[in-house]
Amino acid sequence: MRRSRRPHPWRALTTVLLLGLVALLAIAPPGVLGAPRKAWTPPGCAEHGAWITLEGTKVVELRWAVGGRDPAATAAEGTAWLSGLASNPLVTPESVVVRDGDVYSYIGIEPPNGDLFQRLLSLDDRAGECFGVSRATLALRYRDQVRAAIRAYRQEHSLSSWLTGSALAALVLTIYLIWIRWQSRLKQRLASAIQTRKSLRISGLGLAGNQLLEEAQVGGLLQGLLTVAHWALLVVVSYLLVPMLLGFFPPTKVMAAGLRSQLLAVVQAGLAQVVAAIPNLLTILLILAITVGTVRLSQGLFRAMGRGRLRFSWFYPEWAEPTARIATALIVLAGCVIAFPYVPGSTSKVFQGAGLFLGVLAALGSSAIATNVISGLMLIYTRAFQEGDRVEIGGVVGVVQERALLVTRLRTPRNELVSVPNATVIATSVTNFSFSRREIAQPVALATTVTIGYDVPWRQVHALLLSAARSVDGISDELAPFVLQTSLNDFHISYELTVFVREVERYRETLSQLLAAVQDAFAAAEVEILSPGYHAMRNGNASTVPKPHQT
């Protein structure tokens, strides 16, 4: 038994494509598959003919006038006599006839009483050639068009037509007034519902946990939008009503047609602009998608650097977050620059004026801003401090709360927030108490100075200071405290005690505890502390050493 051969799928697909192409060539209108071919116009014929009209309605097109006359002038004369024929009740449409001669064909009026034939329009062979027909055929066409125009004119101007137009106009006006009343009531109900907020669940507008608009502000915004929508709809419907009413009466049909054509022109122009803007909008969407993807890729890379998953010897992890912000800003700016030429209306005067205004603002405020931004970048990449570090900047001691491009914010021990411009930070010295522990894994040092008289042995002073340091809990035992004699003054000796703080966040508390311990130790040994410059007359005055019950 022979097995039937199954057609190959590629052959079937090829057959379908060929049939579709043949069908497209067969049904496609001229100019779709290629450039439209311009219609051939015989020599001497007007490319755009002049029209004989009746109350604004085109009746007969003239592309050639006998005797080399201007077709437009002949059309103006034809409009005048056609208007006279249509308004003359003695002239019937059937009285418009054609008479052929050897050279010309004439369109005119043949009175029923046997009077002379009244010529209205003359045609020769060239007039027929302009339309690609014979002179006799064109004359019969013109005659039929004139007869039809006269019949339509008289039908529109009849009493029944006026009565019908009046009735329709009254009906439309009644519906219009009912609609206005209904819309006004609807607006009042919606406004009352927005005001009372009972039937409508109106709440504040928030975004990402931020309260952008309160409940009352949202209600006011909705009231304004409702008013704008009400009046906009009223204006649009009223404008559409005018040509409708004018179109019911013959004398104003031309005005109605003009208003409708204006409205259609506006709508068509708007649709044309929308259609023309679609490729640019698609390009903008593509640029937006690429920009968003690049931003997310950049943020992912820098996030990995910040967490230590991606490491480079020349890049520090604390650089990741600020560098990601800078890279995001640059990528977004590049995307805006690339997409700007594709924005509809970007070449208009409005955009140019807005760009000039922004340029002036940037020129006026760029000096101070640029200085602070550059200073902020220098602070970031010189690694002077990080967020959470305890620092001293210009005499202000506190913890770094925020390190922005324009300012650095410190929280003082009294919970005061101090904002220091980055230009000021870069111009002054910065003391970082957290750097030692983070970078070299050693505690930060704390030093205090006391002055003791020459009558006290220096070894005893050293022992007292070291014992006081060892009695404080906040002193680290990683590095041993030490004492230096820094100066031999006129009346006393300066001793500097250096210890190492266990927790830099408790720097002030540890210093206070250390000073208290030093006072206790020297008071117990009955040694006077002459800091900062205490002078005593030994003419019977008592010592300043506190008594045991005073400690």
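In which sense do β10 and β11 pair, and over how many bridges? The two strands pair in the antiparallel sense over five bridges. Two strands count as paired if DSSP finds at least two bridges between them. Helices (H or I, at least four residues) and strands (E, at least two) are DSSP runs, numbered from the N terminus.

The structure is a predicted model, in which local features need pLDDT of at least 70 and side-chain atom pairs count only at pLDDT 80 or more, while totals for chains, interfaces and linings use all residues. Residues are numbered from 1 along each chain as its sequence is written, and side-chain values use heavy atoms, with hydrogens and water left out.

**The hairpin and residues with positive phi**

β10 and β11 form a hairpin with five residues between them. Within this pairing, Thr-408 stands opposite Val-420 in β11. Asn-415 lies in the loop between β10 (407-411) and β11 (417-421). Although Asn-415 is not a glycine, its phi is positive, at about 60 degrees. Asn-415 counts as exposed, at 59% relative accessibility.

Glu-526 is found in the segment after α13 (507-524). With a relative accessible area of 64%, Glu-526 is exposed.

**Salt bridges**

Side chains of opposite charge can pair when their charged atoms come close. A search of the whole structure finds ten salt bridges. The criterion is a side-chain nitrogen of Lys or Arg within 4 Å of a carboxyl oxygen of Asp or Glu. The table presents examples from this set.

| Salt bridge | N to O distance |
|---|---|
| Glu-61 and Arg-63 | 3.3 Å |
| Glu-94 and Arg-151 | 3.3 Å |
| Arg-409 and Glu-402 | 2.9 Å |

In the pair of Glu-61 and Arg-63, Glu-61 counts as buried at 16% relative accessibility, whereas Arg-63 is partly exposed with a relative accessible area of 25%.

Glu-94 forms a salt bridge with Arg-151. Glu-94 lies in the loop between α2 (71-87) and β3 (96-100) and Arg-151 lies in helix α4 (residues 135-156), so the pair ties together parts that are 57 residues apart in sequence. Glu-94 is partly exposed, with a relative accessible area of 46%. Arg-151 likewise counts as partly exposed, at 41% relative accessibility.

For the bridge between Arg-409 and Glu-402, Arg-409 is partly exposed with a relative accessible area of 26%. Glu-402 counts as partly exposed at 35% relative accessibility.

**Aromatic rings and charges over them**

A pair of aromatic rings is described by the distance of the centres and the angle of the planes. The structure holds four aromatic pairs. The rings of Tyr-104 and Tyr-106 have centres 6.2 Å apart and planes at 45 degrees, so this pair is tilted. Rings of Phe, Tyr and Trp (its six-membered ring) pair if their centres lie within 6.5 Å; planes under 30 degrees apart count as stacked, over 60 as edge-to-face and the rest as tilted. Tyr-104 is partly exposed, with a relative accessible area of 30%, whereas Tyr-106 is buried, with a relative accessible area of 15%.

Tyr-106 has a further contact: Arg-119 lies over the face of Tyr-106, at 3.9 Å from the ring centre. Elsewhere, the charged end of Arg-126 sits over the ring of Trp-64, 5.2 Å from its centre. A charge sits over a ring if NZ of Lys or CZ of Arg is within 6 Å of the ring centre and within 35 degrees of the ring normal.

Ser-192 is found in helix α5 (residues 159-196). Ser-192 is partly exposed, with a relative accessible area of 39%. The C-alpha atoms of Ser-192 and Gln-223 are separated by 9.5 Å, and these residues are 31 residues apart along the chain.

Val-292 has its place in helix α7 (residues 253-307) and is partly exposed, with a relative accessible area of 35%. Together with Val-274, Val-275, Ile-278, Leu-282, Leu-285 and Leu-288, Val-292 makes a nonpolar surface patch of about 630 Å². Patches are made of residues with over 30% relative accessible area and no salt bridge; like charges are joined within 9 Å, and nonpolar side chains (Val, Leu, Ile, Met, Phe, Trp, Tyr) within 5 Å. Accessible areas come from the Shrake-Rupley method with a 1.4 Å probe; for residues, only the protein chains shown count as cover.

Notes:
Buried means under 20% relative accessible area, exposed over 50%, partly exposed in between (1.4 Å probe, protein chains only).
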